Amino acid sequence: MGNIKAVILAGGLGTRLAEETATKPKPMVEIGGKPILWHIMKIYSAHGINDFVVCLGYKGHVIKEYFLKYFQYMSDVTVDLKNNTIETHFAKAEPWRITLVDTGELTMTGGRLKRVLPYVENDPYFCMTYGDGVGNVDITRLIDFHKSHGLAATVTGTQPPGRFGALKLDNERVVSFLEKPVGDGNWINGGFFVLSPKVGERIAGDDTTWEQEPLETLARDGQLGLFRHSGFWQPMDSLRDKVHLEKLWDSGEAPWKIW
C-alpha cells in the first residue's frame with residue numbers, strides 16, 4: 001500500500017476495564033499474550049501498511065516502553081555483562097515504523113487527531129482507527145473505496161450482533177431461536193476510517209470529540225462516505241468483551257487474525 005500511514009487513538013482511560021487499566025492504558029490490555037494495539041497493527045500490516053502514528057495519553061509511557069524494547073523482545077539476544085554489550089540474533093520484529101506522540105492525558109478523540117496532523121499533513125489521505133477494536137476489515141478495499149468517491153472522509157460501518165438471543169413466537173410457543181442476531185438493521189461507526197488531512201479544519205481543539213461535530217458536519221456537507229463491513233468486528237469495551245476475544249483467540253479461529 002505504499003507509504004500510507006495509520007493513526008491509532010490510544011490515549012483513553014478505559015474506565016470500564018478498570019481491572020486491567022489501573023496499571024496500563026486500554027490498548028495495552030492483552031489478547032493472547034499481545035496487546036490489542038499489536039493486533040490492530042497486525043491487521044493493517046497484513047494489508048501492507050507499516051507506518052503508524054500512535055496517539056498517546058493515559059499512561060502513554062507504557063506504550064512507549066513496549067515499543068522501545070520490542071525489537072529485543074522479539075529477537076534472540078546475547079548479553080555480555082563483562083563487556084556491557086548486547087548482540088542480537090534472528091530478529092523477528094515486524095517492519096514497522098512507529099511514531100509515538102503524547103497527545104495529552106485528557107484530550108478528546110478529535111483533539112488527539114488534530115495534534116498528530118503534522119505527521120500526515122502532506123499525505124493525500126491516511127487511515128485512522130481506535131486502539132480498542134478489531135475486525136477482519138478489508139483495508140485494501142476500504143482505501144480503494146475512499147479513493148473512488150473523492151470525499152474528505154470514509155467511515156467503516158458495521159452491524160454488530162445483539163447481546164441476547166431472539167425468540168420468534170407463535171402465541172405461547174417458540175417457533176425459532178436465533179443466538180445473537182444482527183441488531184436493529186442500523187449501521188454504526190466501526191472505526192477504521194480513511195481521512196483527508198483537511199478534516200483537521202473541522203476540529204476546534206483538544207476538547208473536540210471526533211464523533212460529534214467533525215463527523216456530524218462532514219455528514220451534513222456530504223463529505224462522509226460509508227464503507228459497509230459485514231464481517232467480524234468487535235470493540236473491547238468491557239471485561240466481557242475481553243473474555244470473548246480471548247476465547248476466540250484461544251480457539252485458533254480468531255476472525256481478525258488475517259496475517
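1. A word on the model. This is a predicted model, in which local features need pLDDT of at least 70 and side-chain atom pairs count only at pLDDT 80 or more, while totals for chains, interfaces and linings use all residues. Residues are numbered from 1 along each chain as its sequence is written, and side-chain values use heavy atoms, with hydrogens and water left out.

2. Start with Cys55. You will find Cys55 in strand E4, residues 51-56 (helices, H or I, of at least four residues and strands, E, of at least two are DSSP runs, numbered from the N terminus). Cys55 counts as buried because its relative accessibility is 0% (buried means under 20% relative accessible area, exposed over 50%, partly exposed in between, with a 1.4 Å probe and protein chains only). Leaving aside residues up to four places away in sequence, Cys55 touches Val7, Ile8, Leu9, Ala10, Gly11, Val101, Thr103, Arg112 and Val116 (contact means heavy atoms within 4.5 Å). Val7 is 48 residues from Cys55 along the chain, with 7.3 Å between their C-alpha atoms.

3. Next, a pair of phenylalanines. Searching the whole structure gives 14 aromatic pairs (rings of Phe, Tyr and Trp, the last by its six-membered ring, pair if their centres lie within 6.5 Å; planes under 30 degrees apart count as stacked, over 60 as edge-to-face and the rest as tilted). One of them joins Phe145 and Phe227, a tilted pair at 5.9 Å centre to centre with 55° between the planes. This pair links distant parts of the chain, 82 residues apart: Phe145 belongs to helix H6 (residues 139-149) and Phe227 to strand E15 (residues 224-228). Phe145 is partly exposed at 28% relative accessibility, whereas Phe227 is buried at 5%.

4. Then look at Phe193 and Trp210. Their ring centres are 5.7 Å apart and their planes meet at 80°, so this pair is edge-to-face. Here too distant parts of the chain are linked, 17 residues apart, with Phe193 in strand E14 (residues 193-195) and Trp210 in the loop between E14 and helix H7 (213-220). Phe193 is buried at 0% relative accessibility, and Trp210 is buried at 0% as well.

5. One aromatic cluster is made up of Tyr44, Phe52, Tyr66, Phe67, Tyr70, Trp96 and Phe192. Elsewhere, Lys34 places its charged end over the ring of Trp38, 5.3 Å from the centre (a charge sits over a ring if NZ of Lys or CZ of Arg is within 6 Å of the ring centre and within 35 degrees of the ring normal). Arg228 lies over the face of Trp187, 5.5 Å from the ring centre.
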